[in-house]
Amino acid sequence: YHSGSNAFFTNNTGFFRIANTTGGLFLDGNDVTIRSEAGDENFAIFNNDGAVELFYNNVKKFETQSDGCHVFGTGGLQIYGEGNSNALLDLFPTGSAVYSTIRLNNAAGSASSSLSTLGGATLYISSGSGGNIVYRGTGTGDHVFETNSVERMRIDDANIKLPDSQKINFGAGNDLQIYHD
């Protein structure tokens, strides 16, 4: 019905379904909001030339922005593999000489540490506040460092070990070398 200034579709007898089996279904409007029957809880908001916002229990969880998208919530972004598969987070930069970076911020957003790679060739670990970079291994397993799938060093609960035929060089001109075969 039409109230003189607004049009309404109302159904109070069960499901209300709109179906089109022969082509596309379009919902046109400058700003579109999908919300609860009472009108007091948003499910999704589609803003004209702006953000798309998705809600869970009337709390915003996802929003598109001109610079990408934002995910909100205390659980953060969780990625699950389906079935018996890995969960992956792939970053694909555009252009040349650009980094893929995972930035880890403090609550105020004023300091961040990051993991970055330039062209996928080198991994950089950065401290956002100029502080120490600490590698902290937990658990009972050894910490193994490899290059080209060859073990170069192993740290266990009591020792730092170098495999046979490895050496440690000290100084720019390798002034001191410790070598074991």
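**Entry: basis of the values**

I note that this is a predicted model, in which local features need pLDDT of at least 70 and side-chain atom pairs count only at pLDDT 80 or more, while totals for chains, interfaces and linings use all residues. Residues are numbered from 1 along each chain as its sequence is written, and side-chain values use heavy atoms, with hydrogens and water left out.

**Entry: overall form**

I looked up the secondary structure and found zero helices and 13 strands, where helices (H or I, at least four residues) and strands (E, at least two) are DSSP runs numbered from the N terminus. The radius of gyration of the protein is 28 Å, well over the 16 Å that the globule rule gives for 181 residues, so the protein is more spread out than a compact globule. I recorded that this radius is taken over C-alpha atoms, and that the rule is 2.2 Å times the number of residues to the power 0.38. Along the principal axes, the C-alpha atoms fill a box of roughly 90 × 35 × 35 Å.

I then turned to burial and found that 8% of the 181 residues count as buried, a term for under 20% relative accessible area, with exposed meaning over 50% and partly exposed in between (1.4 Å probe, protein chains only). The protein exposes about 15500 Å², of which carbon and sulfur atoms supply 50%; the areas come from the Shrake-Rupley method with a 1.4 Å probe, and for residues only the protein chains shown count as cover. Among the contacts with a separation of 6 or more, 1% are between residues 24 or more positions apart, a contact being heavy atoms within 4.5 Å.

I followed the pairing here, where two strands pair if DSSP finds at least two bridges between them. Strand 6 (residues 99-105) runs antiparallel to strand 7 and is joined to it by seven bridges, and Ser100 has Thr117 in strand 7 as its bridge partner. Strand 7 (residues 112-118) is in turn antiparallel to strand 8 (residues 123-126), with four bridges between them. In that pairing I found Ser114 bridged to Ser126 of strand 8, and Leu115 bridged to Ile125 of strand 8. The hairpin of strand 7 and strand 8 has four residues between the strands, and Gly119 takes a positive phi near 70° there.

**Entry: strands 9, 10 and 11**

Three strands form an open sheet in the order 9-10-11, with antiparallel pairing. Strand 9 (143-147) and strand 11 (160-161) stand at the edges, each with a single partner strand, so one side of each is left without a neighbour in the sheet. Strand 10 (residues 150-155) is joined to strand 11 by two bridges, and Lys161 in strand 11 is the bridge partner of Arg154.

**Entry: single residues**

Which residues does Ser36 contact, leaving aside its neighbours within four places in sequence? I found Glu41 and Phe43. Ser36 lies in the loop between strand 1 (32-35) and strand 2 (42-46) and is buried, at a relative accessible area of 15%.

Cys69, in strand 5 (residues 68-71), counts as partly exposed at 45% relative accessibility. Leaving aside its neighbours within four places in sequence, Cys69 is in contact with Phe62, Glu63 and Thr64. Between Cys69 and Glu53, which are 16 residues apart in sequence, I noted a C-alpha to C-alpha distance of 9.8 Å.

I also looked up two asparagines in loops. Asn58 sits between strand 3 (52-56) and strand 4 (59-65), has a phi near 65°, a positive value in a residue other than glycine, and is partly exposed at 33% relative accessible area. Asn174 sits in the loop between strand 12 (166-170) and strand 13 (176-180), where its phi is near 55°, again a positive value in a residue other than glycine, and its 37% relative accessibility makes it partly exposed.
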